[in-house]
Amino acid sequence: MLTSPHQDSHTHAGGLTGQALRRANTAAVLDLLRSGEPWTSPALCESLGSRAATVLRHLEELRACELVTEAGVQSEGNVGRPPKVWQINLRAGYVLGVSIS
């Protein structure tokens, strides 16, 4: 579930600052997409307990970093505009960290 930033102007739920809270919420979206399965925008919203605009903002941030891509739209069983489908960008690469003591 995404954490709400509605406590005070400096520190939010769990003692996080606004920037740290945004990073944590963006990481929550990315963690769901790391499952390897494509997710629709509404499914992400439902799983995270968040509003569409909030989830979309995090998806756009991840897309700008080239970590996720749109995989098209879900075409079956919809009334109205079909939801976008998102997935992890398989071309994003990997980072490996090693600490030698």
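## Ground rules

This is a predicted model: local features need pLDDT of at least 70, side-chain atom pairs count only at pLDDT 80 or more, and totals for chains, interfaces and linings use all residues. Numbering starts from 1 along each chain as its sequence is written, and side-chain values use heavy atoms, with hydrogens and water left out.

## The core

The largest nonpolar core has 13 residues, and Val29, Leu33, Leu44, Val55, Leu59 and Val68 have the most contacts inside it. (Such a core is a set of buried Ala, Val, Leu, Ile, Met, Phe, Trp, Tyr and Cys residues joined through side-chain atoms within 4.5 Å; buried means under 20% relative accessible area with a 1.4 Å probe, protein chains only.) Helices H1 (18-33), H2 (41-48) and H3 (52-64) each supply at least two of its residues, with H1 giving the most, four. Helices here are DSSP runs of H or I, at least four residues, numbered from the N terminus.

## H1 against H3

H1 and H3 pack at about 80°, their axes 9 Å apart. That makes H1 roughly perpendicular to H3 (65 to 115 degrees). Axes are lines fitted to C-alpha atoms over the stretch in contact, and angles run from 0 to 180 degrees between N-to-C directions.

On the H1 side, Arg22, Asn25, Thr26, Val29, Leu30 and Leu33 meet His58, Leu59, Glu61 and Leu62 of H3; contact means heavy atoms within 4.5 Å.

## H2 against H3

Here the angle is about 110°, with the axes of H2 and H3 9 Å apart, and the two are therefore roughly perpendicular to each other. Ser41, Leu44, Cys45 and Leu48 of H2 touch Ala52, Val55 and Leu59 of H3.

Note on methods: Buried < 20%, exposed > 50% of the residue type's maximum accessible area, 1.4 Å probe, protein only. Parallel < 35°, antiparallel > 145°, perpendicular 65-115°, else oblique.
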